[in-house]
Number of protein chains: 2
Amino acid sequence: MNSFTILKMLNHSKSGKFQKLIMLPGPTNVPIEVVEAMTSPIIGHRTNDFSSLMDKVVHKGNILFECDENIVILTASGTAAVEASITNILRKGDKAIVTVCGEFGSRVSEQISGVGASPIQLVADYGDYPSLSDLERALETNPDTKAVYIVTNETSSGAMCNWLKEAGDLTSKYGAFLVADAISNWGADKMPLRDYNIDCIDTCSQKSIAAPPGLALISISTKYKDQIFKDQQKLHFLNLPRYIEFFDKKSQTPFTPALPLYFALDKAFDLMLDEGMDDRYVRHEYCGKAFYDAFEAMGLKLFGVQEVRSNTVISVAYPDGIKDKDFRSSLETQYGVVIAGGFGDYAGKLFRIGSLGIVNQYHVLTTISAIGNNLRRLGFNANLDFALDAAMKNLKNIRSKL
Amino acid sequence: MNSFTILKMLNHSKSGKFQKLIMLPGPTNVPIEVVEAMTSPIIGHRTNDFSSLMDKVVHKGNILFECDENIVILTASGTAAVEASITNILRKGDKAIVTVCGEFGSRVSEQISGVGASPIQLVADYGDYPSLSDLERALETNPDTKAVYIVTNETSSGAMCNWLKEAGDLTSKYGAFLVADAISNWGADKMPLRDYNIDCIDTCSQKSIAAPPGLALISISTKYKDQIFKDQQKLHFLNLPRYIEFFDKKSQTPFTPALPLYFALDKAFDLMLDEGMDDRYVRHEYCGKAFYDAFEAMGLKLFGVQEVRSNTVISVAYPDGIKDKDFRSSLETQYGVVIAGGFGDYAGKLFRIGSLGIVNQYHVLTTISAIGNNLRRLGFNANLDFALDAAMKNLKNIRSKL
């Protein structure tokens, strides 16, 4: 990070309006080059211009996902990617294992039920994560499981799966498909599709990719591809074989794509390739650690079980007497920093920070300072000096020149 | 139209690249204010900022659609809107009538089959359109029809339904739902939801609305709303009750919205309201007529049956000896005008012009001139003077100051 980056951030908005610091678990801060890419001239989606753009984007995506088959891009939100990874492969009566330890795992389970399949839930408390041995037992008991759905990072609580690689080996032993709902940590945490034996990864544009929301991305294995062609789903919009065939034939999408977002994605992929995925994972890891260490040093209690703490979604319990609504709204209006609250039963009890996308030293230190100052103003004796020191110790491990 | 508008068009691209004239049946030319709106600062979709934006957009949409229920906006392409209007209401074994006279009617029919319902097709030749009496007979024979799907403007051939109002009266007599797949002519041709007894209108952002592609819009009647809540579909992404409930509760979307496109849609709706829908319909009607009369005056043969000619998609047969690929690619590279070709069996036999969105005198005359000149260059003796005169006679009926 350098002063130019800060300048880019502060002047980010092309509309002339003040761009707040978006420290949400998506959408994230979007680099100005990516915002500008959206204003590229409108082109027809049945033209060579669009085919060239698609070829570039898919080629770059294939490198980033480390997959053998072409990635599929849907003009839709992440929920559509997850739904596609269910409707394309599960049929009535099928068994599917799913990790459930928060809002998004529950949704996947509902979607599995929605196609008439039976979800076998690996449940953990909110803030905790199911274990690899939970998966082992479930597969032993249900060797006829068709697919295993792992919400790799439970955005609602800030708990992540730290046994994804092992799940790939295990699942493929049973001949089941491994689907990673990696909406909020693909691109931040390592998960090479081919090497980890993953059959399908779902993510979307507004998380670690740091593009605006509106595109859903799906990367699949050859085994998964063969299956979805063999038993093709009946509807159109989330029908992955239609997307794959159309791309193979024309390097286009079967349905009209959100053009400005494709231009943005192309630029965002460039920035990811420039940084390098390994450096990117390190950056996310140490920005996350910087937040955790800083909040503990500040005197706050982290939410969730230490071993499964997410690198990208930082959950922190409110100290007594701090009201969520007051805290977050003054943080936004007085410091220009936007963070998220808790979900469901945990609304009001914790705040969540999205530490992903282009997050770097600038974002981390600004956010910690704003939170520390705001807590002090509201009567909590936050130790800001300790917090910033603790953050800095981690941040110096970042290698990316972002 | 004035010189300022031309200037705005020519300088449209914010990226500095040359903006071609996009005379496609979507995406269309996008006004610069709408392009710029996409660069508004990123905001959280669970914040009051987004709720305010949503409230504004939905309120404006309700005025434009002339409906009683709030419009629903999906982050998706138009195909998703049509699919939602099928999956939310049709169940296995249901009967649904559908107009089929081109690619898009065939798709709707397939999607109806996709949910296990039975499509009853009202078929017409390519370039023609089924008649109101076809619908009458089908309803008489199948009084238990659950819904009637009318592709109000068959984009692939340029044929439109000119009995939509009558279809509303007739369909409601049978207690069936009337769904208008109005992707390529809502906002260009009059179809007030309430007054025409329509139960559902599907359209999307990149057609007559003249915003970039990526949003699908659905307007529904109270009767349709009651039904989709009574018998709610199982999946999430196209589940309209989820969108309606979330908007009622929080003025937000259940799944992450494509924020930049919402800012763009808000601005595009402003421009529609400024113009006024009646003037907008007149503008589309006379721009369409200008094209038709000009091409006939030029010595070309129009494609399709006169009585059902679309106001927004102008189909013209190629004269002997003019090759589609040469013609359209030189039109694009030498004149900067992008038009579409024919679909399926009609590929190579006709060209199609999208005359919708912000189309005005400038677009019509520039396109006619470019086409006439290009035809002459390729050996067809186009009478350009006659063509421009014929166009002008129609264009003077336009009242909009665009």
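User: Hi! Where in chain A is Glu66(A)?

Analyst: Glu66(A) sits in the loop between α3 (48–65) and β2 (72–75) of chain A. Helices (H or I, at least four residues) and strands (E, at least two) are DSSP runs, numbered from the N terminus. Residues are numbered from 1 along each chain as its sequence is written, and chains are lettered from A and ligands numbered from 1 in the order in which they are written. This is a predicted model, where local features need pLDDT of at least 70, side-chain atom pairs count only at pLDDT 80 or more, and totals for chains, interfaces and linings use all residues.

User: Thanks! What is phi of Glu66(A) near?

Analyst: Phi of Glu66(A) is near 55°, a positive value in a residue other than glycine. For background, most residues other than glycine have a negative phi, and most peptide bonds are trans.

User: And how many C-beta neighbours does Glu66(A) have inside 10 Å?

Analyst: Glu66(A) has 17 C-beta neighbours inside 10 Å, so it counts as partly exposed. A residue is buried if 20 or more other C-beta atoms lie within 10 Å of its own, exposed if 12 or fewer, and partly exposed in between, with C-beta atoms placed from the backbone.

User: What about Ser251(A), where is that found?

Analyst: Ser251(A) is in the loop between α9 (240–250) and α10 (259–275) of chain A. Phi of Ser251(A) is near 55°, again a positive value in a residue that is not glycine. Ser251(A) is partly exposed, as 18 other C-beta atoms lie within 10 Å.

User: Switching topic: what rotation superposes chain B on chain A?

Analyst: A rotation of 180°, with 0.0 Å of shift along its axis, puts chain B on chain A with an RMSD of 0.0 Å. The two copies are thus related as by a two-fold rotation axis. The copies are superposed by least squares on the C-alpha atoms of residues with pLDDT of at least 70 in both. In chain B, the C-alpha nearest the axis belongs to Ala76(B), 2.3 Å from it.

User: How many residues does the contact take from chain B?

Analyst: The contact takes 51 residues from chain B and 51 residues from chain A. Two residues are in contact if their C-beta atoms, placed from the backbone, lie within 7 Å. The elements giving two or more residues to chain B's side are α2 (32–37), α4 (78–87), α5 (103–114) and α10 (259–275).

User: Which element gives the most to chain B's side?

Analyst: That is α4(B), with four residues. The residues on chain B's side divide into 23 nonpolar, 20 polar and eight charged. Here Ala, Val, Leu, Ile, Met, Phe, Trp, Tyr, Cys and Pro count as nonpolar, Asp, Glu, Lys and Arg as charged, and the others, Gly among them, as polar.

User: At what angle do α4(B) and α5(B) pack?

Analyst: At about 40°, with their axes 10 Å apart. Axes are lines fitted to C-alpha atoms, for helices over the stretch in contact, and angles run from 0 to 180 degrees between N-to-C directions. The two helices α4(B) and α5(B) are therefore oblique to each other. Angles under 35 degrees count as roughly parallel, over 145 as roughly antiparallel, 65 to 115 as roughly perpendicular and the rest as oblique.

User: Which residues make that contact?

Analyst: Val82(B), Glu83(B) and Ile86(B) of α4(B) meet Val108(B), Gln111(B) and Ile112(B) of α5(B). By class, this contact of α4(B) with α5(B) has four nonpolar, one polar and one charged residues.
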